[in-house]
Each structure stands twice: as structure tokens, then as C-alpha cells.
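Please examine the structure shown below.

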Amino acid sequence: MSNRQEHPHFNDWFQTRGITEVECLVTDLTGILKGKIMPAGKYLGGGRPRLPDSIFIQTVTGGYPDDDDIHFWNPAERDMELVPDPNAIFLVPWADDATAQIIHDCHYLTGEPVELSPRHVLKRVLSFYEARGWKPIVAPEVEFFLVKTNTDSDYPLEPPIGRNGRQESSRQSFSIDAVNEFDPLFEEMYDYCDAMDLDLDTLIHEEGAGQMEVNFQHGDPLRLADQVVMFKRALRETALRHGMYATFMAKPMANEPGSSMHLHQSLLDAESGDNLFAGENGKSSRLFQQFIGGLQQYLPSAMPLLAPNVNSYRRLMRTETSGSAPTNVEWGTDNRTVGLRVPVSTPEATRVENRLAGADANPYLVMAASLACGYLGMLGQLEPRPPMIGSAWSGGHTLPDDIRPALDMLSACQPLAEVLGERFTNSYLAVKRAEHREYFQVISSWEREHLLLRV
Ligand SMILES: NC(=O)CC[C@H](N)C(=O)O
């Protein structure tokens, strides 16, 4: 699009809301929002924001892969143009001046899409479905903790103080009154979500102290990944305005459960809209079984995308405080001890809930990875193992227990790299290995406590 004034949607949208500023956004590999701010007039006049593609090879701390990893990625520093998605415009409800935040795709100046962009990776996976006349539908559920603000990274986080002036000291799972303690914050969160047209379904107090979960209305994966990214930003902002932090870390406190991003997935016939996971006589279909077969086969290798940080694996470790976080890739009906839960439903709503991803993961990559695994299962007509009946905590097919083995498994999985894109997969591995090296250079208080005077 050379001149956005020619695009009636942008023009109308801006005019109706008196937009004066535009935030041009993309997420990097780690899920961090990056971008530029532009005056609305310039943007509508065709101003094209550019960023270097090196934003996609940065670790969460802003570091880069070092020489050892260079063979994994194309060490490019090419300029790319940000191209807006007219369906991904949201108001910035907390801004003083009327501001739009717009999610962009990334193209090189030669026109081809940037394979390193997580949104592109999801679009790529969706294009494989589209080519077969399949339309995946997803519904994410995102957990998070509200915690006291804290400026000392060495000091453990604490649950927040509610309206009654008391700290949430014990878990108040599912308590409505405990949610109401944070009513002013949630009122504002809902107002922001309304202003941004985010389709939230329910809000519930989860297992942990100060831990909540929001469910999104099911729909198109790209739209929902956009919404989750926008939601996380809006909630962090809301919490700050109420003197708290909202955190999506997978395991922010050792004595509390972790936070997940569960993903319900079903598959429609793109033409008829029928759910292809529903079979005859109220049973599920063969495609459904194969989708689960693919998740079982490939999810262990896709874990770096679902559990992208060292901290993510603390959530997945079975301990007294791990709550119902999964440790396996078994499946079962209405069974919360398995990684792949099939909720009891009408045939039209047949779906599988992938419970492995942490809330810390990049939503585009969680959806891309999970749908890629299911796709490979349907393509290869893989059969799942028999469903788990009863508890799967102490058995089942396990998952990598740390980011290092998880990265090794991803780098050995050629079929996944082909569906996600080779350049993306190799760059992702390089970034995550560099991040792990950064982490490994930090000497922890555990080491000082137990080794300083004893070894
Ligand atoms: N509601 C739930 O199932 C809790 C999920 C759990 N918090 C996890 O990390 O997976």
C-alpha cells in the first residue's frame, strides 16, 4: 500500500476517533512488542515505518547470538518495511492523545515477507491448512499473577494487597470475593478491553494467591494471537495504574503454581464450516485422532516455542506447588493430569486443549507450533497412544525438563523446521542458546548459600 489515504478503512477509523498518533507494532521472537511512533497524518500520507530485521535475533535482554551460533542464522541487518494489517488496529485506551496501535507484518524492501517474524510463522502454518480447505479455530486461556510492585530482582515477589488492605496470604482458588478485592483494577481492564474490541469471555481466580485467568472467545488463530499480545500489554498497563504488577512469567514464585496459556483447538471445513473433529454417532473423527497423534509425536520437540525460558520449565516440574501444570503429552477426556485434555462437549464443539504452553510464551509461536504438530499428525496419519484414564502424574510420555535439552530436540526435528520455516527455526535456536548462555553467567544466591563455605 503506497498511500494509506487510499485505504478507506484506515482513514475512517482514524477520523471517527480523531487519531493523532500511531504506534506501529511487531513482536520479536521473545514476544516483546517493538516498533515506532508516528504522527497520524504522516502515517495516513503513506509514511512507511522501517526497522532492521536484527530485532528478530535479539535475546530478552537485548543480547545477540555469538560466533558459535552464527552458522544457524543469516547474519543480516536488512531494513524491513512494516506493513499494517487493517484488521489489527486497536485504540490505546490509556493514552492522553487519541492514539492507535497497529500490528504490522514485516516485508523486505524487495517485497518478500520476513520469515523471522513470529506473525509470519503463524501465517505460514495457517497457509498449509488453507491449502487443504481446513480452517483451525482456537481459544486461548491466559493465566497471570498480580503481585506487589518490586524493584529488587533478588527479592522474591509477594502477592498484592486488595481493597480490604490485606495481602492475599492463602490461595483463594475460584473465590469471587477474592476477585472482587481487585475490582477497580478489573473494571478498568474490562473498559480497556472493550475500547480495544478484545473478545474476553470469562475471568476467574486461579489456584495461586493473586493468580487469575482470562478466557478468550474462540475464533481465528491470527486474530486471537493479536488479541493476546494486546491483552498482555493492556493488563500490564492497568496493573501499574493500580500500583501492582501483572506478570505472565511462567513460574514467578516458587511456592505458588505457574501460569499457563492453554490453547483449545478445533478444525473446520473452510467451506461448510462443519467441525472436522466431530465423527459419526457422537464420536470424534479420525482426523481428530491424527491431530492428537501429531501433538504427541511432535510437541516434545516444539517445547522451546511453548516453554521458551529457563523459568518456563520450573512450571512444568512436578512439585508440591505445581498445581495442575502438565508433565506429559498423554491425552484423555476431561482429565487435567494430561498435557492434552479433551473437554466433554457437543459433537460440534469437539476440540483438544493443549495445556503445555506457559503464559510467558509468544502467542503467535504457541499457536504456530501447536497447529504445526497437529498438521504433521494429520498429514502422516499418526495414531495417538490410548487415552489416559485416571492420573497421569507419575507416568506417561515425558517432556524435556529444561530449555537446553528442549533446544536440542527442536534442532533435531526436521519436519517441524520445514513447517515453521528453516530460517526462522535456526534463528530461534541461536537466540535461545545465546539467552541460555547469558543466564548461565549469572551466579545465583543458591550457589552462594550452599557452595561458598562448603566446597
Ligand atoms: N486451571 C488450570 O488448569 C491450572 C493450570 C496451571 N496453572 C498450569 O500452569 O498449567
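In this predicted model, the largest nonpolar core comprises 119 residues, and Phe14 and Phe231 are those with the most contacts inside it. Helix α9, which spans residues 363–379, supplies the largest share of this core, namely twelve residues. Leaving aside residues up to four places away in sequence, Phe14 touches Ile19, Val22, Ala40, Tyr43, Leu44, Ala100 and Ile102.

Helix α9 also takes part in a contact with helix α3. The two helices, α3 and α9, pack at an angle of about 25°, and their axes lie 9 Å apart. Angles under 35 degrees count as roughly parallel, and α3 and α9 are therefore roughly parallel to each other. Their crossing is left-handed. On the α3 side, the residues in contact include Val121, Leu122, Val125 and Phe128, while those of α9 include Leu365, Met367, Leu371 and Tyr375. By class, the residues of this contact divide into 15 nonpolar, one polar and one charged.

Helix α3 (residues 118–131) packs with helix α6 (residues 221–241) as well, at an angle of about 160° and with the axes 10 Å apart. Because angles over 145 degrees count as roughly antiparallel, α3 and α6 are described as roughly antiparallel to each other. The crossing of α3 and α6 is right-handed. Here Arg119, Leu122, Lys123 and Leu126 of α3 meet Pro221, Leu222, Arg223, Ala225 and Asp226 of α6. Five of the residues in this contact are nonpolar and four are charged, with no polar residues.

Conventions. Residues numbered from 1 in each chain as written. Predicted model: local features only at pLDDT ≥ 70, side-chain atom pairs only at ≥ 80, totals over all residues. Heavy atoms only, no water. Core = buried A, V, L, I, M, F, W, Y, C linked by side-chain atoms within 4.5 Å. Buried < 20%, exposed > 50% of the residue type's maximum accessible area, 1.4 Å probe, protein only. Helix = DSSP H or I, 4+ residues; strand = E, 2+ residues; numbered from the N terminus. Contact = heavy atoms within 4.5 Å. Axes fitted to C-alpha atoms, helices over the stretch in contact; angles between N-to-C directions. Parallel < 35°, antiparallel > 145°, perpendicular 65-115°, else oblique. Left-handed = near helix turned anticlockwise from the far one by under 90°. Nonpolar A, V, L, I, M, F, W, Y, C, P; charged D, E, K, R; others polar.
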